[in-house]
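The following exercises concern a predicted model. Each task is followed by a worked solution.

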Number of protein chains: 2
Amino acid sequence: MSANKQILLKSRPDGIPQAEHFELASAPVPEPGDRQFLVRNEFLSVEPAMRGWVSAVANYSTPVGIGEVMRAFAAGTVVKSRHPGFAEGDKLMGMLGWQDYALSDGTNITRKVKETDLPLSLSLGVLGLNGLTAYFGLLDLGLPKPGDTVVVSTAAGSVGSAVGQIAKLMGCRTVGIAGGATKVALCKDAFGYDAAIDYKSGDLDAALKAACPRGVDVYYDNTSGAISDAVIQHINVGARIVICGTASVSSWDPWPSGPRIERHILVKRGRMAGLIVFDYAHRYEEAATRLAQWVRDGKLKYREDIAEGIEHAPGAIAELYRGENLGKRLIRLTP
Amino acid sequence: MSANKQILLKSRPDGIPQAEHFELASAPVPEPGDRQFLVRNEFLSVEPAMRGWVSAVANYSTPVGIGEVMRAFAAGTVVKSRHPGFAEGDKLMGMLGWQDYALSDGTNITRKVKETDLPLSLSLGVLGLNGLTAYFGLLDLGLPKPGDTVVVSTAAGSVGSAVGQIAKLMGCRTVGIAGGATKVALCKDAFGYDAAIDYKSGDLDAALKAACPRGVDVYYDNTSGAISDAVIQHINVGARIVICGTASVSSWDPWPSGPRIERHILVKRGRMAGLIVFDYAHRYEEAATRLAQWVRDGKLKYREDIAEGIEHAPGAIAELYRGENLGKRLIRLTP
């Protein structure tokens, strides 16, 4: 076995992590001890939440330490095992870090990948945390009913695109908001949105009015900021607002200002709820099974944007926030 | 029968309605037609929501017209009936207006008052919309569990005081926020809050920290603004925020600014929901029956602040917003 290439956190970013906050290092490939196993990573994930994982601001997980391997989801294969629950050849997805090889005792494994008829990379996207986030956020908090109008921000993204398609499967009218003509075209052509709005061009409020003639029943938000402020103006009585991400706000320390929504939430009897997918761990298999079947049936499309080689990882979070990827951003490791 | 004294809306207020926006008028006492009945009002209600009822800003009800009798809940007795469902002597509570006599076909009746062993005035307070608002907001949206910390703003008010006591009955730790020493004393001595905070004195954040050592699980808000901003900082994972009123914000046109809560709602997986009690009309009897039994058992206390004579009505909304009343503000009509 070659050395274990790893991406370490070099310094703590103030805002969005850039390539310069990481460094490539090399370590010996570890040997599994008793009740441990070794995973050869094949795909590394890149996602907006990583900003939070390296942030010193109070968050929902303790920050990655300086000099530590960057926390990341990854998918790979067990290559050595001294653990009774994991056998050589098992396909796994878990918090395995930005590195070639990861030692595990099983506690950082999100799930064994059972859909071996489908590409392993999907376990990090449409069948992974992105798909699960879309599934639980929309169905458990958004509570879509047939005929509802569901608006999704970052609609062409790996979470948003799944939200839009699942909403469509539930019989809703789906309206996607994305930035730029390419993503808007993806929304309509690949992900089947009934309408798609380019928030970078023209009057968002007028576009929402045209796209949502019966108002907004569910708003699934990944942005916060100006996009949300515009959508919230259009909610119907009893609307559900799912807060899944805040990609458009670059710093939350201190909290930025925005229009107060309390009166509107009151008058509309709106419900706003925050979602963190890890709270649904006990229901991952239910969702992954259902999502995988939709993928096999051609009802749930996905896009991947795969960079080759671990050296692409450090700059990949900032690329996400610049909106440069088209599809789930992954890093494929060369065997 | 004497004439029917009425309070009419004279001009549309910009903000909180003052005495000058109303005028006292006199009309003939009407005669019930077929399927109508005449109610002699005994108590008129005064409540914060009346600001919305006379506002031209989009709201959850059409505004009262200039020259019309001021929309208001009132309680009284049927004195003449040509309606098969309502008999002379029936005690009623409904949208009967600020006037001595109201004609009704039954559609504006909220409920027949069945708790005739208790004072009729309670049907406008602890057994009326205030108690019902507290009941449904806390139990249906706040979802209190034994051991939860429940924070209530306008804690000595007619809604807040019921929220605090019902939360206590559910086994929660209750923390009331009110303005001034008299109301804080009421919170502790009359309404049994475990802790009460005077938001007008000292450091609200520090007081919240001291009063909520295990954080805030339910926040029942009637204020919006600075009080909410402080409480929301202390919510626990999974907290529920009930938006019931926005008394501390004097104008919502345009929407004022405040700290953005999206990130905090996300990280804490908070749930914020707006409540309008009229949505629960099909469950009023369930709640009123339960509330009445708590009153009889001495487990649910209330305060009333009753002014004598309809001429006190016009200035009473502004008094509410100045926080001058101690207990449910009612106007008793002289028979």
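**Exercise 1.** Which residues does Phe136(A) touch, not counting residues up to four places away in sequence?

*Solution.* With those neighbours in sequence set aside, the contacts of Phe136(A) are Leu141(A), Leu275(A), Val277(A), Tyr280(A), Arg283(A), Tyr284(A) and Ala287(A). Next, consider the core: the largest nonpolar core has 83 residues, and Trp98(A), Phe136(A) and Leu138(A) touch the most other members. H2(A) contributes the most to this core, namely 8 residues. Finally, domain 1 (4–125 + 302–332) and domain 2 (131–278) of chain A both supply residues, so the core lies between them. Another core, of 82 residues, lies apart from it and includes Met50(B) and Phe191(B).

**Exercise 2.** What rotation superposes chain A on chain B?

*Solution.* The rotation is 180°, with 0.0 Å of shift along its axis and an RMSD of 0.0 Å. This is the relation of a two-fold axis. In chain A, Met272(A) has the C-alpha nearest the axis, 2.5 Å from it. As for the interface, 100% of the interface residues of chain A are also interface residues in chain B, so the copies meet through the same surface.

Methods: Residues are numbered from 1 along each chain as its sequence is written. Chains are lettered from A and ligands numbered from 1 in the order in which they are written. This is a predicted model: local features need pLDDT of at least 70, side-chain atom pairs count only at pLDDT 80 or more; totals for chains, interfaces and linings use all residues. Side-chain values use heavy atoms; hydrogens and water are left out. Copies are superposed by least squares on the C-alpha atoms of residues with pLDDT of at least 70 in both. Contact means heavy atoms within 4.5 Å. A nonpolar core is a set of buried Ala, Val, Leu, Ile, Met, Phe, Trp, Tyr and Cys residues joined through side-chain atoms within 4.5 Å. Buried means under 20% relative accessible area, exposed over 50%, partly exposed in between (1.4 Å probe, protein chains only). Helices (H or I, at least four residues) and strands (E, at least two) are DSSP runs, numbered from the N terminus. Domain bounds come from an automatic or database domain assignment.
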